[in-house]
Amino acid sequence: MNTSSYIIRNAFPSEFEEIGKLLINVYSQLEGFPKENEQPNYYKMLANIGAFTQYPETELLVAVDENNTITGAVVYFNDMQYYGSGGTATSEQNSAGFRLLGVDSNIRGKGIGKLLTLECIKKATENNRKQIIIHSTLSMKTAWSMYENIGFKRDENLDFMQGELAVFGFRFPLLS
C-alpha cells in the first residue's frame with residue numbers, strides 16, 4: 001500500500017459532477033445495497049454531492065493521485081446538524097461526522113478510504129470536537145472493517161432504517 005502518492009484536498013466546484021458519478025458507480029455496485037430505482041432520492045443526493053458544500057463547516061474532500069485524478073471522496077461535517085441522516089445523529093452536540101465515502105472501484109485496496117477517514121479525524125481534532133459519528137450498512141463490509149480497525153465503535157443508539165435498509169451508527173471518541 002503506497003498512499004504517499006495520494007493527496008487529500010477540498011474538491012473544486014468544477015469536479016462536483018465527476019465526484020457524483022464516481023459515488024453513484026461505487027454505491028450502485030455494492031452487493032445488497034438499494035439500487036437507483038429503489039432509492040432514487042439517495043442517488044440524486046449522490047449526483048448532487050457538491051450541494052453539501054453550501055452548508056457551513058461542510059467540506060467535500062477528494063483523494064487525488066499524482067495526475068490529479070480523483071480516486072475517492074467523502075463529505076466532512078464539522079457540525080452534525082447538517083449531516084442529513086436519519087436517526088438521532090443530527091442532534092449530537094460538539095461532534096463531527098462524515099458520510100458518503102467512496103473509492104474508485106478500479107483502485108480499491110490502496111488505503112485511499114483510510115486516508116480520507118484519517119483526514120476527517122484530523123479535521124475534527126483540530127476543531128476540538130469530542131467525537132466523530134458515522135454510519136455504515138451491511139453492504140459496506142470493507143469500509144465497516146476499516147472503521148473498526150481505526151477505532152470506531154458501534155453505537156446502536158445511532159442506528160436507523162432508511163426505507164428497507166438498516167443503517168448502523170459508529171462513534172470515534174476524540175481525546176482533547
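**Exercises: a pocket and a buried tyrosine**

In this predicted model, the lining of the largest pocket splits into 22 nonpolar, 14 polar and 5 charged residues.

**Exercise 1.** Find out which element supplies the largest share of the lining of the largest pocket.

*Solution.* Start with the pocket itself: about 850 Å³ of space lies in it. Next, look at the lining, which has 41 residues, and Tyr27, Leu101, Met140, Ala143 and Tyr147 are the ones nearest the centre. Now go through the elements that each give at least two lining residues; among them are helix H1 (16–28), strand E4 (95–103) and helix H4 (141–150). The largest share, 6 residues, comes from E4.

**Exercise 2.** Decide whether Tyr76 is buried or exposed, then list the polar contacts of its side chain given by Asn78 and Ala124.

*Solution.* Then check the cut-off: buried means under 20% relative accessible area. Tyr76 has 0%, so it's buried. Its side chain makes a polar contact with the side chain of Asn78, at 2.7 Å. A polar atom of that tyrosine side chain also lies 3.2 Å from the backbone nitrogen of Ala124. Beyond four places in sequence, Tyr76 touches residues including Glu57, Leu61, Phe98 and Cys120.

**Exercise 3.** Work out which residues touch the most other members of the largest nonpolar core.

*Solution.* The core has 58 residues, and the ones to pick are Ile19, Tyr27, Phe98, Leu100, Ile132 and Phe152. Take Leu100 and skip neighbours within four places in sequence: its contacts include Tyr27, Met45, Phe52 and Val74.

Terms used: Residues are numbered from 1 along each chain as its sequence is written. This is a predicted model: local features need pLDDT of at least 70, side-chain atom pairs count only at pLDDT 80 or more; totals for chains, interfaces and linings use all residues. Side-chain values use heavy atoms; hydrogens and water are left out. A nonpolar core is a set of buried Ala, Val, Leu, Ile, Met, Phe, Trp, Tyr and Cys residues joined through side-chain atoms within 4.5 Å. Buried means under 20% relative accessible area, exposed over 50%, partly exposed in between (1.4 Å probe, protein chains only). Contact means heavy atoms within 4.5 Å. A polar contact is a pair of N or O atoms within 3.5 Å; within protein, one must be able to donate a hydrogen and the other to accept it, and residues adjacent in sequence count only if both atoms are side-chain atoms. On a 1 Å grid over the protein atoms alone, a cavity is a set of points where a 1.4 Å probe fits but cannot get out, and a pocket is an open set with protein on both sides within 12 Å along at least five of seven lines; lining residues have an atom within 4 Å of a point. Grid points are joined across faces, edges and corners, and a volume is the space filled by probe spheres set on the points. Helices (H or I, at least four residues) and strands (E, at least two) are DSSP runs, numbered from the N terminus. Ala, Val, Leu, Ile, Met, Phe, Trp, Tyr, Cys and Pro count as nonpolar, Asp, Glu, Lys and Arg as charged, and the others, Gly among them, as polar.
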